[in-house]
Amino acid sequence: MSLSFTANSTNKVAVTNPATWGAGSKWSYIQWVRQRSAPSDSQGSARQSGIDLLVYFGSVGWFTFLDRATTAAETRVSNANLFPNTGWTFVVQTYSEANGIRFYRGTLTTAPVEMSYSLKTIGSGDTSANSSDLFIGNRGPTSSNAPPHDIALAHLLDVELTLGEIQALWVGDHTAIV
């Protein structure tokens, strides 16, 4: 079973104060997501104030952005590399001040691997303090920037997962989301 998000709608799931981030923060955001059609500019599937998770802009592809005290962390992958078809995709983003933001992708039949980046800026300075709400499926409380997609699972963890840990979470019977 999955939640379906209509393009250009205000559809979202609001998670009140899911984590307090600041200096030294680490996190991983995990989703099983199915893109139903190509997104439009500025559509995104998650946002917390100061942090954009999985946002699309045609000129840069998919990106994640996070405020830091001196220089922001930002990572971009092309649209074709992140969602190669309309099937289910296992997408994981991890963050730490030392490694910046990393993207991993797998499918129902292919184990997740780290993506190639069109831009990767680790950033500098402490992670900016943030304890705002998380919006899954859209870019904010009143945003109408939901892309056309379904989400079967979403997790926000307060640890930077390794590739081995990500692959261990991926392993299993995926028939529940097919």
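Modeller: Two residues are in contact when their heavy atoms lie within 4.5 Å. This is a predicted model. By that rule, and leaving aside neighbours within four places in sequence, S96 is in contact with S25, K26 and E160.

Biologist: Where does S96 lie, and why does S96 count as buried?

Modeller: S96 lies in strand β8. Buried means under 20% relative accessible area. S96 comes out at 3%, so it counts as buried.

Biologist: What makes the link between the side chains of S96 and E160 a polar contact?

Modeller: The cut-off for a pair of N or O atoms is 3.5 Å, and one must be able to donate a hydrogen and the other to accept it. The side chains of S96 and E160 meet at 3.1 Å, so the pair falls within that limit.

Biologist: How about S28: which strand is it in, and is it buried or exposed?

Modeller: S28 sits in strand β3. Its relative accessibility is 0%, so it counts as buried.

Biologist: Which backbone atoms does the side chain of S28 reach?

Modeller: One is the backbone oxygen of V159, at 2.7 Å. The other is the backbone nitrogen of L161, which lies 2.9 Å from a polar atom of the S28 side chain. Not counting residues up to four places away in sequence, S28 also touches others, including Q93, T94 and H155.

Biologist: On to the rings. How many aromatic pairs does the structure hold?

Modeller: There are 2 aromatic pairs.

Biologist: Why is the pair W27 and Y95 called stacked?

Modeller: Ring centres must lie within 6.5 Å, and planes under 30 degrees apart count as stacked. For W27 and Y95 the centres are 5.7 Å apart and the planes make 25°, so the pair is stacked. The pair links distant parts of the chain, with W27 in strand β3 (residues 26–35) and Y95 in strand β8 (residues 88–96), 68 residues apart.

Biologist: And how do you know that W27 and Y95 are buried?

Modeller: W27 has 0% relative accessibility, so it is buried. Y95 also comes out at 0%, so it is buried too.

Biologist: Why is the pair W32 and F90 called tilted?

Modeller: The rings of W32 and F90 have their planes at 50° and their centres 5.0 Å apart, so tilted is the label. Again distant parts of the chain are linked: W32 belongs to β3 and F90 to β8, 58 residues apart. Both W32 and F90 are buried.

Biologist: What makes K120 a charge over the ring of Y117?

Modeller: For Lys, NZ has to be within 6 Å of the ring centre and within 35 degrees of the ring normal. The charged end of K120 sits over the Y117 ring, 5.3 Å from its centre.

Biologist: Which side chain makes a polar contact with Y117?

Modeller: That of E114, at 2.7 Å. E114 is in strand β10 (residues 113–114).

Biologist: Why does E114 count as partly exposed?

Modeller: Buried is under 20% and exposed is over 50%, with partly exposed in between. E114 has 36%, so it lands in the middle class. Across the sequence, E114 and Y104 are 10 residues apart, yet their C-alpha atoms are 4.3 Å apart in space. With residues up to four places away left out, E114 touches R102, F103 and Y104.

Biologist: Which residues make up the largest nonpolar core?

Modeller: It has 9 residues: I30, W32, W88, F90, V92, Y104, L161, I166 and W170. Two or more of them come from each of β3, β8 and α2 (163–170). Strand β8 gives the most, with 3 residues. Apart from this core lies another, of 6 residues, among them W27, Y29, L66 and A73.

Biologist: What makes a group of residues a core at all?

Modeller: The members must be buried nonpolar residues joined through side-chain atoms within 4.5 Å. In soluble globular proteins, nonpolar side chains tend to be buried together.

Biologist: And for the whole chain, how much of it is buried?

Modeller: Buried residues make up 45% of the 178 residues. The chain has 2 helices and 13 strands.

Notes:
Residues numbered from 1 in each chain as written. Predicted model: local features only at pLDDT ≥ 70, side-chain atom pairs only at ≥ 80, totals over all residues. Heavy atoms only, no water. Phe/Tyr/Trp six-rings, centres within 6.5 Å; stacked < 30°, edge-to-face > 60°. Helix = DSSP H or I, 4+ residues; strand = E, 2+ residues; numbered from the N terminus. Buried < 20%, exposed > 50% of the residue type's maximum accessible area, 1.4 Å probe, protein only.
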